[in-house]
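This briefing goes through a structure for a reader who has not seen it before.

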Amino acid sequence: VSDTNELLELLATRGTPRGADVVLAAARADARTHDSGRGGGGAGARAGDLEVLDPDVDDLPPPAVNLSDAAPRGRRRPWRTALTAGGLAAMLGVFSLGIASFLGEGGADSPEGAVRRLADAMQHEDPLAAVDVIAPDEVRTLHQTVDAASARAAEVDLVRSASAPLAGLDVSVDDLQLTSEELAPGFAKVTIVGGRLALDGDVDALSDTLRRTVSGIAGGEIDLAAAWDLQTSTRLVDPFVMVVERDGHWYVSAAYTVLEFLRIGEGLPEADFGSGRAARATLGADTPEAAAQLALDAAATADWETLLSLAPPDELPVYDYRAALAQLMRENLDPEFTVDAFAAQATRDGGRAVVDVRASGRTSSGDAWELRDGCLLATTSEQTEGGAVVPYSDGFCLGGGGALPYSFGYAADGRGDAAMRITAVERDGRWFVSPVGTVLDYVDTWVANFDERAFASLLGDFDALPVDGELWKGTPQRVESDGFGLMYAYTLQGTAGDEVVVEVRDAAGNPVSNVVYFVGPSGDDAGFSLMFGERATLPVTGTYRVVIGTDGTQPVDMTVHDADLAPDDVVNAFPDVYDNEQCTYDAFGGVSCIGYGSSEATTPTTSTDAQDIVLEGP
Amino acid sequence: VRRRTALATGVAVVGGAALLVSVFLPWVRRGPGNSLRGHDLIDTLVALGNELPGASTARLTVLWYVVPALGAASWISIGLTGPTSRPTRAVALVAAGCVALVVFAFGRLAGFGDLGAGPWAVTFGAVALVAAAFAIGRPGL
């Protein structure tokens, strides 16, 4: 059709306007000037098979044309009709998909569909797709954390690419069979009645750094339908996943799943599904500061119902499980502490607030406890061998950097470098303490500060640590750490047969329990580690790498001595540790002593009973 | 002429089909979003913090759905007016423009190295449509 139109347009616009007789005469003349039977027509016309007839010959009428023999005017061919219809149907389908996509906000159309989508995301090793099918209230800020963690992991070579953080792992979910049961309107329990989860991996797909420390990935297969043993109770629980309905879509709820497992495993009362969301306007507190104080007071007085009412019902549905959880807490927790002082300062940003908290009080044994400087500390006292009573603090701290985002025990004493902050959220004009938001805010801060040193320290990959300086025997080296668990490396010239001893002291001159690792000149020599006063003989001559692990941001001074030149208190310190009856040894070769230094010490060491360590060379 | 028209029709239909099936193909080969399509996929990519100036989530999503819609439109146009008609040529040109935009956007968001079969399919489809409408079926060639 389009070709005919073009020809007609061309024909209509060529030459100058003339009468019909003139046009026909010219056409006949033009036809005769061309090859007989070929036709013509000038530029733009096409060759044809029409014979040129002369109507004047013998005054005969032009030959009759049998119209029945002429080719019928082309009807629309069937395939074109089909193509048009197919196009219309496809257009309708695409339009429907687009509309559904804009109206939908993730999730699935059915409870079982939500679980299958989660399994599909696992199979594709796509964490963000998994997040998309988890209840949106529970993972409101998880996208940001996953993104930041992926980017940071790529920067420190934990993963090859931020866009493929799980590359190297091969997860498959096969033959998944599900049944669902509605427990309440908008709440369903999807039981896994069949299926297998297979896990495998390809070390070659891991990052270079991980390949140095991971020799292989053990594959395995899990029967997804096998009953789960929660260990904490005697009951076996058939595997299930809880799903919730939000705006017409079904989502997997990690929180409801965990809570329901706990409830069934412990034989606790059933949940009052949806009661928290329904009563949201009557729960929580008037201000973020009040929410934080109410939470602390409720914990101190074992008022578990009040404590549970301070968690955002949409984020953590503990209020729905208040009967079960309160019973569990009454049976297992006995807080026994007082809150004597409390101060909070909230910084609001819309419906979200960060609350800096300081508080203090007494434990049931009379010891003081305190929330300060990013630490929760309990201060008690001990009697030294000399009879003096000295106080010491124990607890844990939150760190904004380092190999781990927290530190425990002795290391906690005043070494927190992150404020003790609680994240609060506003719902329907009421303020709630947000456990998920609080944790994720700390994780985000820690991830932002996670670097190559933290990664190498976490893995114990001494080769990847930067060299921070050179050690000289007998000369103290100041070590200033940026966070808990970070390691710092120094070089030391050593001669085979040299006997060395290590001294590490804090800024006040007290001995501390940092572990110092010696790595041989070739890197793969037999390495060893020393603690304060411990001696070892260097196996080979060359440049050693001396690595010290740190317990926090307080600086320490490290000195490597020739054993025969070391101060007496250093040389004599180590036997005291092992002779001390208060020292205990754990299954990992670590030693914990009361009375060592000025505080409780937890120190891993490669030695268990030898004072002198003599190592064989390579 | 008939052979050219038939060839142009075939190529154009295949090109339109390539645009259409892109709805079902993976647009990201690996990493976050590789199992997602359409709105969910773009939400995920934008959530990753990758930004493209001037391209909001809604605009990109519309563009992503316009591409297969143009595939369907090309079938309708070919069926009604032929592979070299003005409507088909218009559809081919618009498809080429949209495909260029959407492939560029996804390349920037997910990384060109991580693009899946979807972008390749739509690129092929747009090229085939344009070739059929303007070159293969062109009168006088």
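This is a predicted model: local features need pLDDT of at least 70, side-chain atom pairs count only at pLDDT 80 or more; totals for chains, interfaces and linings use all residues.

In which sense do strand 8 and strand 9 of chain A pair, and over how many bridges? They pair in the antiparallel sense, over 9 bridges.

- Strand 8 covers residues 341–349 of chain A, and strand 9 covers residues 352–362.
- Strand 8 and strand 9 of chain A form a hairpin that has 2 residues between the strands. In its turn, A:Gly350 has a positive phi of about 65°.
- A:Asp349 has A:Arg352, in strand 9 of chain A, as its bridge partner.
- A:Arg352 also stands opposite A:Val425, which belongs to strand 14 of chain A.
- Strand 9 and strand 14 (residues 421–427) of chain A run antiparallel and are joined by 5 bridges.
- Strand 14 of chain A is in turn joined by 4 bridges to strand 15 (residues 430–433) of chain A, and these two run antiparallel. Across this pairing, A:Ala424 stands opposite A:Val433 in strand 15 of chain A.
- Strand 14 and strand 15 of chain A make a hairpin with 2 residues between them. A:Asp428, in the turn, has a positive phi of about 50°.
- As a general point, side chains in a regular strand alternate between the two faces of the sheet.

**Chain A as a whole**

- Chain A contains 16 helices and 28 strands.
- Of its 618 residues, 43% are buried.
- Among contacts in chain A with a separation of 6 or more, 64% are between residues 24 or more positions apart.
- The accessible surface of chain A is about 31700 Å², and carbon and sulfur atoms account for 54% of that surface.

**Nonpolar cores**

- The largest nonpolar core has 41 residues, and the members that touch the most others are B:Trp64, B:Val102 and B:Phe106.
- Chain A contributes two or more residues to this core from helix 3 (78–103).

**Aromatic rings and charges**

- Over all chains, a search of the whole structure finds 11 aromatic pairs.
- Why is the pair of A:Tyr256 and A:Phe273 called tilted? The ring centres are 5.9 Å apart and the planes stand at 40°, so the pair counts as tilted.
- A:Tyr256 is in helix 8 (residues 254–266) of chain A, and A:Phe273 is in the loop between helix 8 and helix 9 (275–278) of chain A. The two residues are 17 residues apart.
- Both A:Tyr256 and A:Phe273 are buried.
- Together with A:Phe187 and A:Tyr321, A:Tyr256 and A:Phe273 form one aromatic cluster.
- The charged end of A:Arg322 sits over the ring of A:Tyr319, 4.1 Å from the ring centre.
- In chain B, the charged end of B:Arg89 sits over the ring of B:Phe134, 5.3 Å from the ring centre.

**Helix 12 of chain A**

- Helix 12 covers residues 322–332 of chain A, and its buried residues are A:Ala324, A:Leu325, A:Ala326, A:Leu328 and A:Met329.
- These buried residues pack against helix 8 and helix 11 (304–308) of chain A.
- In general, an α-helix has 3.6 residues a turn, so residues three or four places apart point the same way.

Conventions: Residues are numbered from 1 along each chain as its sequence is written. Chains are lettered from A and ligands numbered from 1 in the order in which they are written. Side-chain values use heavy atoms; hydrogens and water are left out. A nonpolar core is a set of buried Ala, Val, Leu, Ile, Met, Phe, Trp, Tyr and Cys residues joined through side-chain atoms within 4.5 Å. Buried means under 20% relative accessible area, exposed over 50%, partly exposed in between (1.4 Å probe, protein chains only). Contact means heavy atoms within 4.5 Å. Accessible areas come from the Shrake-Rupley method with a 1.4 Å probe; for residues, only the protein chains shown count as cover. Two strands pair if DSSP finds at least two bridges between them. Rings of Phe, Tyr and Trp (its six-membered ring) pair if their centres lie within 6.5 Å; planes under 30 degrees apart count as stacked, over 60 as edge-to-face and the rest as tilted. A charge sits over a ring if NZ of Lys or CZ of Arg is within 6 Å of the ring centre and within 35 degrees of the ring normal.
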